[in-house]
Amino acid sequence: MAGNSREQLLKLLADKSFRLGQFKLSSGGTSDYYIDCRLTTLDAVGALLTGETVLQEIENRGWKAVAIGGLTMGADPIVVATSVISAQQGKPINGFLVRKAEKTHGTGQRIEGFRDKSAKVVIVDDVCTTGASTVQAIEAAREYGFEVVGVLCLVEREEAGGRVNVEKAAAPAPFVALFTANDVRAEHMNSAPPIFAVSAKCDFCDRPAVTNTPSHRCEVHRS
């Protein structure tokens, strides 16, 4: 499955994680679409594809990382899937999770799992909008003593200054996205069978509607 894992992962994200509608985002803004990557990364096949694709990207980028981690909970399934696949392939990359705040009991640590200081690590996240969760993970990892060699997200929304924020925090480490939201939207629209409306106008303009999924939309507004 590894040979075309990236292509299959995009299809699964488009099918399971992408929804059209009106949504309020964690950033406070609103959007006509929503991407919940956990519906894919916590799917049995999706976890396999995620691990294979992320591991391949790390190798292609030449990031000599010994561990992968990110802010809970968006990063959690990505970290576990990649770590498991790496072990299966005989080139293990350990995992760690970053708490949103330090524990108030026990050892009071914020980094859970792999904890070898000065180790080269990759920070991962599922969706990047403002980049706030990714930036938190980068800062926590460096504060702990890790060397961040790369930052990766599954889907970049390309809005709200997310890329700029993450690149600034990650520098000199590079930031890459496996897919953009437009990639996922396009795959979603291409794979969804159109349901043609009869004698209806577009909900956004006066043009004739060509589909009524998810609402009456013309050719211009269907995507």
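1. Of the 223 residues in the protein chain, 48% count as buried; buried means under 20% relative accessible area, exposed means over 50%, and partly exposed lies in between (1.4 Å probe, protein chains only). The model is a predicted one, in which local features need pLDDT of at least 70 and side-chain atom pairs count only at pLDDT 80 or more, while totals for chains, interfaces and linings use all residues. Residues are numbered from 1 along each chain as its sequence is written, and side-chain values use heavy atoms, with hydrogens and water left out.

2. The protein chain contains seven helices and eight strands. Helices (H or I, at least four residues) and strands (E, at least two) are DSSP runs, numbered from the N terminus. Among contacts between residues at least 6 apart in sequence, 64% join residues at least 24 apart; a contact means heavy atoms within 4.5 Å.

3. The largest nonpolar core has 35 residues, and those with the most contacts inside it are Ile35, Val54, Val124, Val155 and Val184. Helix 1 (residues 5-17) gives the most to this core, with five residues. Another core, of 25 residues, lies apart from it and includes Val121, Ala137, Val166 and Ala173. A nonpolar core is a set of buried Ala, Val, Leu, Ile, Met, Phe, Trp, Tyr and Cys residues joined through side-chain atoms within 4.5 Å. In soluble globular proteins, nonpolar side chains tend to be buried together.

4. Valine 155 deserves a separate look. Leaving out residues up to four places away in sequence, Valine 155 touches Leu13, Ile35, Cys37, Asp126, Val127, Cys128, Phe179, Thr180, Ala181 and Val184.

5. Helix 1 has 13 residues and reaches 17 Å from its first C-alpha to its last, close to the 18 Å expected at 1.5 Å a residue. The expected span of a helix is 1.5 Å times one less than its number of residues. Buried in helix 1 are Ser5, Leu9, Leu10, Leu12, Leu13, Ala14 and Ser17. Serine 5 has a relative accessible area of 2%, so it is buried. Leaving out residues up to four places away in sequence, Serine 5 touches Leu49, Glu52 and Thr53.

6. Helix 4 (residues 76-88) should span 18 Å with its 13 residues at 1.5 Å each, and its end C-alpha atoms are 19 Å apart, which agrees. Its buried residues are Asp76, Pro77, Ile78, Val79, Ala81, Thr82, Ser83, Ile85 and Ser86. They pack against helix 2 (38-41), helix 3 (44-61), strand 3, strand 4, strand 6 and strand 7. Glycine 90 follows helix 4 and has a positive phi, near 75°.

7. Helix 5 also has 13 residues, which should span 18 Å at 1.5 Å a residue; its end C-alpha atoms are 18 Å apart, which agrees. Thr134, Val135, Ala137, Ile138, Ala140, Ala141 and Tyr144 are its buried residues. Their cover includes strand 3 (67-71), strand 4 (94-98), strand 5 (111-113), strand 6, strand 7 (147-156) and helix 6 (162-170). Glutamate 139 is in helix 5 and counts as partly exposed because its relative accessibility is 49%. Glutamate 139 and alanine 170 are 31 residues apart in sequence, yet 8.6 Å apart in space, C-alpha to C-alpha. Just after helix 5, glycine 145 takes a positive phi of about 125°.

8. The largest pocket has a volume of about 540 Å³. Of the 26 residues lining it, the closest to its centre are Ser26, Asp126, Val127, Thr129 and Ser133. On a 1 Å grid over the protein atoms alone, a pocket is an open set of points where a 1.4 Å probe fits, with protein on both sides within 12 Å along at least five of seven lines; lining residues have an atom within 4 Å of a point. Grid points are joined across faces, edges and corners, and the volume is the space filled by probe spheres set on the points. Strand 2 (30-35), strand 6 (120-128) and helix 5 (132-144) each supply at least two residues of the lining.

9. Some backbone details are worth checking in the viewer. The peptide bond from threonine 72 to methionine 73 is cis, with omega near 10°, and methionine 73 sits in the loop between strand 3 and helix 4. The bond from alanine 171 to proline 172 is also cis, with omega near 5°. Serine 118 has a positive phi of about 70° although it is not a glycine.
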